[in-house]
Amino acid sequence: MKKLCLFFLFIGGVMFGADLSKMEVNGVEVPVIYEQSSIIPTGAIQLIFSRSGSAYNGEIQGLSYLSSLLLNEGTKELGGVKFASLLEEKAISLHVSSSQEFLEIDLSFLKEQEEEALKLLAMLLQSPNLTEKALSKVKQQAISSLLAKKNDYDYLASVGLSQLLFKNTPLQFPSNGNPAAIKAISLNQVKSYIAHAISLKRLTLVVGGDLDIQSTLSKLNPLLSKLPLGEQSEFKSYSANAQTQSKVQYKPTEQAYIYFGAPFMLKDYKSEAYKAKVMSFILGASGFGSRMMEEIRVKNGLAYSAYMRINLSKLATYASGYLQTKIANQDQSIKLVKQVVKEFVEDGVTQEELDSAKKFLLGSEPLRSETLSQRLSTAFGNYYLGLDLDYQKQELQKIEALSLEELNDFIKSHKEILDLSFSIVTK
């Protein structure tokens with residue numbers, strides 16, 4: 001195992017460190033992010049397969065989501081119930097999930113059950129329950145869940161916004177698909193997806209807990225060596241639609257659900273993301289005290305909450321927000337959102353707002369690094385974005401040194417967030 005770099009953090013006088021290494025499996029160098037922590041006698045292993053989420057499913061909506069549900073149905077030999085019983089007997093958690101970017105297999109266990117946990121993981125990887133019976137079951141679950149969302153107006157407004165901002169791209173669709181698409185997915189399509197997604201060239205390992213890390217990786221090697229080599233698919237990224245649009249859905253509701261968004265162009269994550277973070281915090285991501293909340297709720301009483309943030313990921317960078325208000329206040333609220341964003345871009349922020357943002361962001365950082373899972377998640381996120389594992393430390397230093405003039409110049413350079421589109425569910 002080749003060690004590449006080290007990231008240490010001190011919390012309450014105790015040193016924690018996330019480490020980045022690589023282990024070779026069948027000629028493939030698999031990245032390994034890990035941290036040894038003996039505070040609690042438990043272990044956790046994540047197998048994260050990048051570029052395997054819904055944004056990489058092509059035309060088949062919901063394929064990665066349905067496949068993850070099927071992978072939670074145990075093995076072909078034992079089925080879902082017996083396999084779940086084996087996990088429960090040993091207090092082992094083994095769960096598969098998918099997102100827009102990733103397919104993840106999460107394994108957690110008591111230290112004394114490490115061998116049994118790895119045995120069950122190997123069983124699942126070697127013989128997942130890819131049968132018509134299991135597929136029919138998870139299809140029913142997925143479709144029922146989606147049908148229930150027909151009355152979730154927040155969900156409908158959110159999906160509507162994605163359709164406006166990312167029209168004609170995979171990001172216009174919810175990652176869990178739609179009932180018709182789910183119903184049409186065949187077992188062969190699931191098998192083909194899993195064969196491509198769960199492969200060595202897409203894998204990053206995240207390992208942590210009260211473990212002998214080198215020993216754990218040695219035990220993982222034989223079961224990982226049975227995975228196909230696969231290939232790393234081409235990276236995808238998308239820009240939000242700059243054309244101002246509106247989408248209205250009429251439902252039997254007494255409230256208006258208003259979701260809005262706009263493009264946000266980030267030239268370089270490492271040199272600009274910290275400014276976007278402060279900008280987002282002041283504009284609407286911080287809740288009470290933010291511009292959006294102060295104008296919408298405190299001064300005008302139009303909504304219980306109003307929110308807006310800058311979303312930064314490898315797939316897309318864009319601004320988005322939402323509020324819920326009375327039907328009678330719908331038009332006034334939309335007008336005020338536009339006004340708040342316009343004044344924010346044109347006039348920038350005050351020194352008081354910047355000082356307050358710095359105080360919170362710098363002071364709350366230890367809370368975001370309290371647990372092992374938080375630290376490992378942050379380390380993986382940094383690695384995936386091509387950043388140093390200690391990027392958070394660098395970011396805090398940059399935020400502390402950020403001047404009012406520098407921030408306001410940055411805000412005024414992002415006039416694209418004025419091109420707001422609105423997705424509304426109303427009566």
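M123 is found in helix 3 (residues 114-126), where helices (H or I, at least four residues) and strands (E, at least two) are DSSP runs, numbered from the N terminus. At 26% relative accessibility M123 counts as partly exposed, on a scale where buried means under 20% relative accessible area, exposed over 50%, and partly exposed in between (1.4 Å probe, protein chains only). Leaving aside its neighbours within four places in sequence, M123 is in contact with T75, L78, F83 and P128, contact meaning heavy atoms within 4.5 Å. The C-alpha atoms of M123 and Y65 are separated by 21 Å, the two residues being 58 apart along the chain.

The model is a predicted one, in which local features need pLDDT of at least 70 and side-chain atom pairs count only at pLDDT 80 or more, while totals for chains, interfaces and linings use all residues. Residues are numbered from 1 along each chain as its sequence is written, and side-chain values use heavy atoms, with hydrogens and water left out.

Y65 belongs to the buried residues of helix 1, a list that also includes L63, S64 and L71. Because 9 of the 9 residues of helix 1 (residues 63-71) are buried, this helix is largely enclosed by the rest of the structure. Its cover includes helix 3, together with strand 5 (93-98), strand 6, helix 4 (132-148), helix 6 (179-184) and helix 7 (187-197).

In helix 12, E353, L354, A357, K358, L361 and S364 are buried. They cover an arc of only 160 degrees around the axis, which puts them on the same side of helix 12, the arc being that of the directions from the helix axis to the C-beta atoms. An α-helix has 3.6 residues a turn, so residues three or four places apart point the same way. The buried residues of helix 12 pack against helix 9 (269-285), helix 10 (291-299), helix 14 (391-401) and helix 15 (404-412), whereas the face turned away from the buried side carries the exposed residues E352, K359 and G363. For E352, the relative accessibility is 65%.

Most residues other than glycine have a negative phi. A91, in the loop between helix 2 (79-89) and strand 5, has a positive phi of about 55 degrees although it is not a glycine. N168, in the loop between helix 5 (153-165) and helix 6, has a positive phi near 65 degrees, and N168 counts as exposed at 67% relative accessibility.

About 70 Å³ of space lies in the largest cavity, a volume being the space filled by probe spheres set on the points, which are joined across faces, edges and corners. Among the residues that line the largest cavity are S54, N57, P170 and F173. The second largest pocket has a volume of about 430 Å³ and is lined by 25 residues, of which T42, A44, G208, L372 and S373 lie nearest its centre.

Terms used
On a 1 Å grid over the protein atoms alone, a cavity is a set of points where a 1.4 Å probe fits but cannot get out, and a pocket is an open set with protein on both sides within 12 Å along at least five of seven lines; lining residues have an atom within 4 Å of a point.
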